[in-house]
Amino acid sequence: MTTAELWTVMPLAILACGALVVLIFGAVAPGRHGTAVGACFLLGAALWCLHQPPSTATSSLGLALTPFARFFTVFFSLTALLVLLLSHDYNERRGVAGEEYPATILFTVFGMGVLSASVNLLTLFLGLEGMTFGFYFLVAIDRTRPESGEAGMKYLLMGAVAAAFTAIGIALVYAGVGTLEIGAAMKALSAMGKGNPVLLAGAGFLLAGIAFKVSLVPAHLWTPDVYEGAPAPVVAFLSTASKGSAVAFLLLLLAAAGGAGPLRTPIWMLSLLSMVTGNLAALLQTNLKRMLAYSAIGQMGYIALALIVIGEGGFGAAAFYVVAYTAMNLAAFGVIASLTGGSEPAALEDYRGLGYSRPFQGGVMALAMFALAGIPPTAGFIGKFFIFTAAIRGGEVALAVIGILTAVVSVYYYLRVVVNLYMRPADTGSAPANGTVPEYVALACAAAVILFLGIFPGPLTELIDLISR
Amino acid sequence: MEHLPVASILVFLPLAGALLLVPVWKQPELARWFALGTALLELALVGYLFSAMPATAGTATPLPGYFLWEDLPWIGRIGIRYTLGMDGITLLLGFLTAFVTVVAMLVSWRAIGERVAFHYFLLLVMESGIMGVFLALDLFLFYLFWEVMLVPMFFLIGIWGHGRRIYSAVKFFLFTLFGSLLMLLAIIGVYLIHGSQTGSYTFALSALTTTRIAPGVACWLFAAFLLAFAIKVPLIPLHTWLPDAHTDAPTAGSVVLAGLLLKTGAYGLIRFAYPLFPEAARMFTPVLLAAAVIGIIYGSWLAYAQTDMKRLVAYSSVGHMGFVALGIAAWTPVSLSGSVLQMVNHGITTGALFALVGMLDERTGTREIGAFGGLWGKVPLFAAFFLLFSMASAGLPGLNNFAGEFLILAGSFRVFALPAVLAIIGIVLPLVYTVRLVQEVLFVTERHCLVQSDLSRREGGVLGVLAIIAVYLGVHPAPLLAILKVPVALLTAGAGGMP
């Protein structure tokens, strides 16, 4: 590895070094500055990324700062920045101390960045596992709550199985085509996939492994439990950036393959099952975080629909929806985090009358719900619109109709949150905690993105056009 | 005025007014006046357009018949444009929107005691949404406004409603959304078919109407549009959300629902569904005729069975909107003019009736017909208005509804004799339940009268203006028909005239 090669992956290096610096900083000057230092590194990585011209030059690290990588690294860094803003006071209130929290967040973003920048199946795997590794800690970080530990254990076990699937998949693909280079391997896969059982099995294992991460049905069972148990800011991160990088993983592979090819039928089934199961199961939930977990399963079904038609505009639709979905979920889980005092408000009933007693958080939550339900003028609407346009253009009319019908179902449970916020009288008991300035800033950012993308999606679509080439 | 984006101002002035309510959120009295001021300004603007309309119609705009036109690229990459336009039809409906919003604000002046600013905020946002629906000429933009206007109504019913308010609010939202989302797929379908034929992907209505669509596909697409609009109108058997929503909504919500939201469905049929798929529409005509006629008769029949006055008025709306649908299904110049006129008429009379029932509810806390009696002697002013609007709603000649119904029947009789004859029954039936209603509430003197106070000056003033319009439109609808003449002729000529 030469110095020149290091320069090409500088943003990733900033993230990795940032994680270490935050840890060292904590040892030298223990206190509450980890968040601030971590935030600086995230911002620095994002800015460096924007400043550095994209290139397809590959370093011996198996990484290249392609436009795709640049886009997603900036995106993940900024998401993590908002998550840090949401976490700081939450952790203080919940007694989660130490610099390991921001350090792990940075390390996780490093994994995501590596994933999006990889040109080699092995680095891709390492990025994915680096990210997942971080989440094993983050999910279980609240040691005072047994649920957090339980969620961490579940995530660890499921994650390990998923990692095994992905690794076997990569091994089989390598055995089939004789190369680990993503472009060549995927082209070979789509060219001779149909008749080659080893390759088909490899692709199937890969898809199964990544379906765990995206939580597509039937690999979704961990999602509600982990969402319920993990701290709200961690779920905000898990449900956005980790899902986003899993989708980026699929986008990278499918775009290189030039279409879903032999994977069309399995992804079709995953999409169908996720849209139906996720949205129906969410109807039955009384716990907001569990409800949002099932909603996430349904939403990922829509993204899977876009992945099937990746060549007909599905790429742009999926990438757009990742950004939109991130803003919506950050807002929703951010509100939960900012309302957490002694304990998280978990039941839907806990949100009664909040639209009046906490107008800002209530308003952001309502906006997030309407956005997730796909009501204009929000990012959620535009995102769904792009996905369905791509689906119909790609000829998947049946799945699009089913998707629309499940979207109608989903509106019911999103509205239930709004009903509780504004239409049911509040209990006279203790009002939930009031938010702090960093939390307000993060929530305002997320809300602004939801509205901006809903009204002016043009700039982002043009950006995504650039990265899909 | 020529250089001002008048159409945009029409759409966004109420929204701007709503946002300006935020600083006075905690001062109910200021918020009321502020909101009313905005709504009156909007009304004045529409009123001004009446005088400006004939001078500029079709001269300065790319499409004939339109006298306001704005067209800007919005999401250029996929051909979404920000296109607003106003022709005679939307001038009338825009006027109705601005007027009914003012009425809704005035009738809820004292009835809303808590969260006043929020209430007026929602009314103004809804006015923006409805204006947008009427003015948008890009299908994507139209769809956006179409869904945006649902949200404030959902809150109005759910927060200030009565009875099973939350159930009704959610039912209203889900019913409408179900149809709308399928329409969204159909919109995407037309867009893609047009794009693949011509190579230019656009959502502009004027371009999409020229698309040639295979009959089988067109039927499906039209069916999706029809479903969305029929739910909103509502046509039998998609009307079940309406009685719940109307009954449980607060007075202002009922007035806006009946006066405006139902009109958006009929307007959608006229502006979008029929011009986009003329052949498919012809094939669906029997369906629409049947739904219209059944709606006219069945709606009136159900209205007769109600004991809650608000439910009675709600079901009578089903019948009246059946007439509007009949006029659209016949698709002749006369019947279509009648339909648009009837939309305005229904907005005025039903809005007034909901306001009257709301006033009773405000005074006594009940809307049961059996709880009232002898109002004629106790509160003469109220009783006089009640009688007037009941008779107008029943289609008494000389009052506004009669003019619209007559035109619809005259226009559709020539092409569809049997449905028109059956619909005549629908002119008689409202008389039955209206006479019963008026007799019980106003003239039965055995019962103890709960109502003690007659109309306040505010209430009397609102109803007085409504009454003047009702009488004027009944006696002299010609100016309105003159405004409608060109756009209706253009619409019906485009379809080549229905068989």
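Predicted model: local features only at pLDDT ≥ 70, side-chain atom pairs only at ≥ 80, totals over all residues.
Student: Where is Pro218(A)?

Tutor: Pro218(A) is in the loop between α9 (197–214) and α10 (222–229) of chain A. The peptide bond from Val217(A) to Pro218(A) is cis, with omega near 10 degrees. Chain B has a cis bond too, from Ile236(B) to Pro237(B), with omega about 0 degrees. Pro237(B) is in the loop between α9 (215–232) and α10 (241–248) of chain B.

Student: What is the phi of Ser215(A)?

Tutor: Phi of Ser215(A) is positive, about 50 degrees, although the residue is not a glycine. Ser215(A) is in the loop between α9 and α10 of chain A.

Student: And why is Ser215(A) called buried?

Tutor: The cut-offs are under 20% relative accessible area for buried and over 50% for exposed, with partly exposed in between (1.4 Å probe, protein chains only). Ser215(A) has 0% relative accessibility, so it counts as buried.

Student: How do you know whether Trp331(B) is buried or exposed?

Tutor: Its relative accessible area is 2%, so Trp331(B) is buried. Trp331(B) has a positive phi, near 55 degrees, without being a glycine, and is in the loop between α13 and α14 of chain B.

Student: What about Trp301(B), buried or exposed?

Tutor: At 58% relative accessibility, Trp301(B) counts as exposed. Trp301(B) is in helix α12 (residues 278–305) of chain B. Its C-alpha atom is 33 Å from that of Ser453(B), which is 152 residues away along the chain.

Student: Why does Lys171(B) get its burial label?

Tutor: With a relative accessible area of 16%, Lys171(B) is buried. Lys171(B) belongs to helix α7 of chain B. Contact means heavy atoms within 4.5 Å; leaving aside neighbours within four places in sequence, Lys171(B) touches Thr240(B), Trp241(B) and Asp244(B).

Student: How do you know how α5(B) and α7(B) are oriented to each other?

Tutor: Axes are lines fitted to C-alpha atoms, for helices over the stretch in contact, and angles run from 0 to 180 degrees between N-to-C directions. Under 35 degrees is roughly parallel, over 145 roughly antiparallel, 65 to 115 roughly perpendicular and the rest oblique. Helix α5 (residues 139–148) and helix α7 (residues 165–198) of chain B cross at roughly 170 degrees, and their axes come within 11 Å. Therefore α5(B) and α7(B) are roughly antiparallel. On the α5(B) side the contact includes Phe142(B) and Trp146(B), and on the α7(B) side Leu177(B) and Ile187(B) are among the residues.

Student: Why do α7(A) and α8(A) get the label they do?

Tutor: Here the angle is about 75 degrees, with the axes 10 Å apart. Therefore α7(A) and α8(A) are roughly perpendicular. Val173(A), Gly176(A) and Val177(A) of α7(A) meet Ala185(A), Ala188(A), Leu189(A) and Met192(A) of α8(A). Ala, Val, Leu, Ile, Met, Phe, Trp, Tyr, Cys and Pro count as nonpolar, Asp, Glu, Lys and Arg as charged, and the others, Gly among them, as polar. By class that contact has six nonpolar, one polar and no charged residues.

Student: How do you know that the length of α16(B) agrees with expectation?

Tutor: The expected span is 1.5 Å times one less than the number of residues. For the 15 residues of α16(B) (380–394) that is 21 Å, and the end C-alpha atoms are 21 Å apart, so the two agree. Gly395(B) follows α16(B), with a positive phi near 85 degrees. Buried residues of α16(B) include Phe382(B), Phe385(B) and Phe389(B), and what covers the buried residues includes α13 (309–330) and α18 (417–443) of chain B.

Student: What makes up the area buried between chain A and chain B?

Tutor: Buried area is the accessible area (1.4 Å probe) that two parts lose on being put together, summed over both. For chain A and chain B that is about 3,100 Å², with 84% from carbon and sulfur atoms. In chain A, Tyr356(A), Phe385(A) and Met423(A) lose the most area to chain B, together 21% of what that side buries. The contact takes 35 residues from chain A and 33 residues from chain B.

Key: Residues numbered from 1 in each chain as written. Chains lettered and ligands numbered in written order. Heavy atoms only, no water. Helix = DSSP H or I, 4+ residues; strand = E, 2+ residues; numbered from the N terminus.
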